[in-house]
Every structure is written in structure tokens, then in C-alpha cells.
Amino acid sequence: MNDIESFEVFNKNQFGEENIEQVNYSQIRTWIVSLVDDAISNVSVNRKVASLKSFL
């Protein structure tokens, strides 16, 4: 749930989008790029993406 909540907060702050089920590829891609820019490990980024994919 932490991964989903993290994306939800990012999406709200970055795009003003409150409904996580209405996201598009561009928003997800921007989130992934921000994780990489924050020096999050590849394993953690992959886990976060897998969590989001399962949720959606």
C-alpha cells in the first residue's frame, strides 16, 4: 500500500489528479523518472511499478 500511496501523492502534487484510476502512461512514466532521479534502486522502482500495475 505504501507504493500506491506514494504514487497517489506524487500524482496529486505533480498533476493535480486525485483519482488514481484515471492516470495515463505519461503520468506513470513521469513518476518512474522521478524515482530514478531520486536515486531509488532499480529493484525498488520495479517493485513500485509492479505494485501499481497490480492495483490498476
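This is a predicted model: local features need pLDDT of at least 70, side-chain atom pairs count only at pLDDT 80 or more; totals for chains, interfaces and linings use all residues.

Reader: How many residues does H1 have, and what distance does H1 reach from its first C-alpha to its last?

Author: H1 has 14 residues and reaches 19 Å between those two atoms, close to the 20 Å expected at 1.5 Å a residue. For helix H2, residues 25-37, the 13 residues should span 18 Å, and the end C-alpha atoms are 18 Å apart, which agrees.

Reader: Which residues of H1 are buried, and why do they lie on the same side of H1?

Author: The general idea concerns the turn of the helix. An α-helix has 3.6 residues a turn, so residues three or four places apart point the same way. In H1 the buried residues are Asp3, Ile4, Phe7, Phe10 and Asn11. They cover an arc of only 125° around the axis, and therefore they sit on the same side of H1. The face turned away from that buried side carries the exposed residues Asn2 and Asn13. H2 and H3 are among what covers the buried residues of H1.

Reader: Which residues of H2 are buried, and which exposed residues does the opposite face carry?

Author: Gln27, Ile28, Trp31, Ile32, Ser34 and Leu35 are the buried residues of H2. Their arc around the axis is only 160°, so they too are placed on the same side of the helix. Tyr25 and Asp37 are exposed on the face turned away from the buried side of H2. The buried residues of H2 pack against H1 and helix H3, residues 42-55.

Reader: Which residues make up the largest nonpolar core?

Author: In soluble globular proteins, nonpolar side chains tend to be buried together. Here the largest nonpolar core has 11 residues in all: Ile4, Phe7, Phe10, Ile20, Val23, Ile28, Trp31, Ile32, Leu35, Val45 and Leu52. H1, H2 and H3 are the elements that give two or more residues to this core. H2 gives the most, with four residues.

Reader: Is Phe7 buried or exposed, and which residues does Phe7 touch?

Author: Phe7 lies in helix H1 and counts as buried because its relative accessibility is 0%. Not counting residues up to four places away in sequence, Phe7 touches Ile20, Val23, Gln27, Ile28, Trp31 and Leu52. The C-alpha atoms of Phe7 and Lys48 are 8.6 Å apart, although 41 residues separate the two along the chain.

Reader: Why does Asp3 count as buried, and which side chain does a polar contact join to Asp3?

Author: Asp3, in helix H1, has a relative accessible area of 10%, and it is therefore buried, the cut-off being under 20%. A polar contact of 3.4 Å joins its side chain to that of Lys48. Beyond four places in sequence, Asp3 touches Trp31, Arg47, Lys48 and Ser51.

Terms used
Residues are numbered from 1 along each chain as its sequence is written. Side-chain values use heavy atoms; hydrogens and water are left out. Buried means under 20% relative accessible area, exposed over 50%, partly exposed in between (1.4 Å probe, protein chains only). A polar contact is a pair of N or O atoms within 3.5 Å; within protein, one must be able to donate a hydrogen and the other to accept it, and residues adjacent in sequence count only if both atoms are side-chain atoms. Contact means heavy atoms within 4.5 Å. The expected span of a helix is 1.5 Å times one less than its number of residues. The arc is that of the directions from the helix axis to the C-beta atoms. A nonpolar core is a set of buried Ala, Val, Leu, Ile, Met, Phe, Trp, Tyr and Cys residues joined through side-chain atoms within 4.5 Å.
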